[in-house]
Amino acid sequence: MANAPHPGEVLREEFIIPIKLSITELAKVLCVSRKNLSEIVNEKTGISAEMAIRLSKAFGTSPQVWIGMQKDYELSKAMKRESEIRVKRLKEIGY
(Lines give C-alpha, C1' and ligand atoms only; values in the text may rest on other atoms or scores of the structure.)
Protein backbone atom coordinates (compact mmCIF):
# COMPACT_ATOMS: atom_id res chain seq x y z
CA MET A 1 0.00 0.00 0.00
CA ALA A 2 3.03 2.32 0.20
CA ASN A 3 2.44 3.40 -3.39
CA ALA A 4 -1.16 2.43 -4.02
CA PRO A 5 -2.25 3.41 -7.54
CA HIS A 6 -5.01 5.89 -8.16
CA PRO A 7 -8.21 4.05 -9.15
CA GLY A 8 -8.26 6.08 -12.37
CA GLU A 9 -4.93 4.54 -13.34
CA VAL A 10 -6.31 1.06 -12.73
CA LEU A 11 -9.46 1.89 -14.68
CA ARG A 12 -7.38 3.18 -17.59
CA GLU A 13 -4.68 0.50 -17.65
CA GLU A 14 -6.68 -2.59 -16.69
CA PHE A 15 -10.08 -1.91 -18.22
CA ILE A 16 -10.20 0.89 -20.80
CA ILE A 17 -6.98 0.32 -22.77
CA PRO A 18 -7.21 -3.50 -23.04
CA ILE A 19 -10.65 -3.37 -24.65
CA LYS A 20 -9.85 -0.23 -26.68
CA LEU A 21 -12.72 1.72 -25.16
CA SER A 22 -12.81 5.50 -25.46
CA ILE A 23 -13.61 7.79 -22.54
CA THR A 24 -16.65 9.03 -24.48
CA GLU A 25 -17.94 5.50 -25.06
CA LEU A 26 -17.46 4.48 -21.43
CA ALA A 27 -19.07 7.69 -20.18
CA LYS A 28 -22.16 6.83 -22.23
CA VAL A 29 -22.23 3.29 -20.81
CA LEU A 30 -21.88 4.64 -17.26
CA CYS A 31 -24.43 7.44 -17.88
CA VAL A 32 -21.99 10.10 -16.64
CA SER A 33 -20.40 13.09 -18.29
CA ARG A 34 -17.26 12.64 -20.33
CA LYS A 35 -15.63 15.36 -18.21
CA ASN A 36 -16.39 13.52 -14.95
CA LEU A 37 -14.96 10.26 -16.24
CA SER A 38 -11.96 11.99 -17.79
CA GLU A 39 -11.08 13.59 -14.45
CA ILE A 40 -11.09 10.16 -12.80
CA VAL A 41 -9.07 8.49 -15.55
CA ASN A 42 -6.57 11.36 -15.52
CA GLU A 43 -6.28 11.04 -11.72
CA LYS A 44 -7.62 14.52 -10.98
CA THR A 45 -10.53 13.30 -8.86
CA GLY A 46 -11.42 10.16 -6.96
CA ILE A 47 -14.04 7.46 -7.19
CA SER A 48 -17.30 8.26 -5.38
CA ALA A 49 -19.55 5.56 -3.94
CA GLU A 50 -21.99 6.10 -6.80
CA MET A 51 -19.23 5.83 -9.41
CA ALA A 52 -18.04 2.64 -7.71
CA ILE A 53 -21.50 1.17 -8.23
CA ARG A 54 -21.57 2.30 -11.87
CA LEU A 55 -18.15 0.78 -12.57
CA SER A 56 -19.06 -2.45 -10.80
CA LYS A 57 -22.19 -2.81 -12.92
CA ALA A 58 -20.33 -2.08 -16.14
CA PHE A 59 -17.34 -4.33 -15.53
CA GLY A 60 -18.82 -7.08 -13.35
CA THR A 61 -16.75 -6.18 -10.31
CA SER A 62 -17.92 -5.20 -6.85
CA PRO A 63 -18.29 -1.61 -5.66
CA GLN A 64 -16.09 -2.54 -2.70
CA VAL A 65 -13.16 -3.13 -5.07
CA TRP A 66 -13.35 0.44 -6.38
CA ILE A 67 -13.96 2.02 -2.98
CA GLY A 68 -11.11 -0.06 -1.56
CA MET A 69 -8.76 1.21 -4.27
CA GLN A 70 -9.78 4.80 -3.51
CA LYS A 71 -9.27 4.29 0.23
CA ASP A 72 -5.87 2.66 -0.30
CA TYR A 73 -4.78 5.47 -2.61
CA GLU A 74 -5.82 8.19 -0.17
CA LEU A 75 -4.16 6.45 2.77
CA SER A 76 -1.00 5.93 0.73
CA LYS A 77 -0.86 9.66 -0.03
CA ALA A 78 -1.50 10.60 3.60
CA MET A 79 1.15 8.20 4.89
CA LYS A 80 3.76 9.96 2.76
CA ARG A 81 3.01 13.09 4.82
CA GLU A 82 2.70 11.28 8.13
CA SER A 83 5.66 13.07 9.69
CA GLU A 84 3.98 16.42 8.99
CA ILE A 85 0.78 15.44 10.80
CA ARG A 86 1.01 16.70 14.37
CA VAL A 87 -1.24 15.19 17.03
CA LYS A 88 -0.90 15.10 20.81
CA ARG A 89 -1.37 11.76 22.50
CA LEU A 90 -4.32 11.78 24.86
CA LYS A 91 -2.17 10.06 27.45
CA GLU A 92 0.23 13.03 27.41
CA ILE A 93 -2.54 15.50 28.28
CA GLY A 94 -4.08 13.53 31.11
CA TYR A 95 -6.62 11.23 29.45
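Phe15, Phe59 and Trp66 form one aromatic cluster. Rings of Phe, Tyr and Trp (for Trp, its six-membered ring) count as a pair if their centres lie within 6.5 Å; planes under 30 degrees apart are called stacked, over 60 edge-to-face, and the rest tilted.

Before going on, a word on the model: it is predicted, so local features need pLDDT of at least 70 and side-chain atom pairs count only at pLDDT 80 or more, while totals for chains, interfaces and linings use all residues. Residues are numbered from 1 along each chain as its sequence is written, and side-chain values use heavy atoms, with hydrogens and water left out.

Back to the rings. Searching the whole structure turns up two aromatic pairs. Phe15 and Phe59 make a tilted one, at 4.7 Å centre to centre with 50° between the planes. Phe15 sits in helix 1 and Phe59 in helix 4, so this pair ties together parts 44 residues apart in sequence. Phe15 also pairs with Trp66: the ring centres are 5.3 Å apart and the planes stand at 50°, so this pair is tilted. Here, too, distant parts of the chain are linked, with Phe15 in helix 1 and Trp66 in helix 5 (residues 63-80), 51 residues apart. Helices here are DSSP runs (H or I, at least four residues), numbered from the N terminus.

Is Trp66 buried or exposed? Trp66 has 0% relative accessibility and therefore counts as buried. The cut-offs are under 20% relative accessible area for buried and over 50% for exposed, with partly exposed in between (1.4 Å probe, protein chains only).

Helix 3 (residues 34-41) has its own buried set: Leu37, Ser38, Ile40 and Val41. They share one side of helix 3 because they cover an arc of only 160° around the axis, taking the arc from the directions from the helix axis to the C-beta atoms. As background, an α-helix has 3.6 residues a turn, so residues three or four places apart point the same way. The cover over the buried residues of helix 3 includes helix 1 (7-16), helix 2 (23-30) and helix 4 (49-59).

Just past helix 3, Glu43 takes a positive phi of about 60°. A salt bridge means a side-chain nitrogen of Lys or Arg within 4 Å of a carboxyl oxygen of Asp or Glu. Here are some of them:

| Salt bridge | N to O distance |
|---|---|
| Arg12 and Glu13 | 3.1 Å |
| Arg12 and Glu43 | 3.1 Å |
| Asp72 and Lys71 | 2.7 Å |

Shared partners join Arg12, Glu13 and Glu43 into one network. The link from Arg12 to Glu43 connects distant parts of the chain: Arg12 is in helix 1 and Glu43 in the loop between helix 3 and helix 4, 31 residues apart. How exposed are these side chains? Arg12 is partly exposed, with a relative accessible area of 21%. Glu13 is partly exposed at 39%, and Glu43 is partly exposed at 32%.

Finally, the surface: Leu90, Ile93 and Tyr95 make a nonpolar patch of about 390 Å². Patches are built from residues with over 30% relative accessible area and no salt bridge, joining like charges within 9 Å and nonpolar side chains (Val, Leu, Ile, Met, Phe, Trp, Tyr) within 5 Å. Leu90 lies in the segment after helix 5 and counts as exposed, at 55% relative accessibility.

Notes: Helix = DSSP H or I, 4+ residues; strand = E, 2+ residues; numbered from the N terminus. Contact = heavy atoms within 4.5 Å. Areas by Shrake-Rupley, 256 points an atom, 1.4 Å probe, with all protein chains shown as cover.
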